[in-house]
Amino acid sequence: MVHDNAPMITRFISVPGNMSQLNCNAFLAGIIEAILDMSMFFTERVTAHATGDENFPQRCTILIKFRRGVVEREALLK
């Protein structure tokens, strides 16, 4: 799980009122997924969730689910 209180990607994006369900942080989740997969940390799923509150209205949480083989490989290295 990765939290970002002020994502740089969404700073310069304005979403029209009729597209209020659009989560531009999904683009960021795709970038993170690509970087992890290229680094041999294969993922099952990477999703972005808007978790803003009063202090940080643009806050985003990225959930990362790794493949079982990656988790087992990393456990062997401990």
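1. Residues are numbered from 1 along each chain as its sequence is written. In this predicted model local features need pLDDT of at least 70, side-chain atom pairs count only at pLDDT 80 or more, and totals for chains, interfaces and linings use all residues, while side-chain values use heavy atoms, without hydrogens and water.

2. Three strands form an open sheet in the order S1-S3-S2, with antiparallel pairing. Strands (E, at least two residues) and helices (H or I, at least four) are DSSP runs, numbered from the N terminus; two strands pair if DSSP finds at least two bridges between them. Strand S1 (2-4) and strand S2 (43-50) each have a single partner strand, so one side of each lacks a neighbour in the sheet. On average, neighbouring strands are turned by 15° against each other, direction ignored.

3. Three antiparallel bridges join S1 to strand S3 (residues 60-66). Asp4 stands opposite Cys60 in S3.

4. Helix H2 (residues 25-38) packs on the sheet and touches S2 and S3, contact meaning heavy atoms within 4.5 Å. The direction of H2 makes about 155° with that of S2; axes are lines fitted to C-alpha atoms, for helices over the stretch in contact, and angles run from 0 to 180 degrees between N-to-C directions.

5. Asn25 belongs to H2 and is buried, at 5% relative accessibility (buried is under 20% relative accessible area, exposed over 50%, partly exposed in between; 1.4 Å probe, protein chains only). Beyond neighbours within four places in sequence, Asn25 contacts Pro7, Thr10, Ala48, Cys60 and Ile62.

6. Met40, in the loop between H2 and S2, is partly exposed at 47% relative accessibility. Its phi is near 70°, a positive value in a residue other than glycine. Most residues other than glycine have a negative phi.
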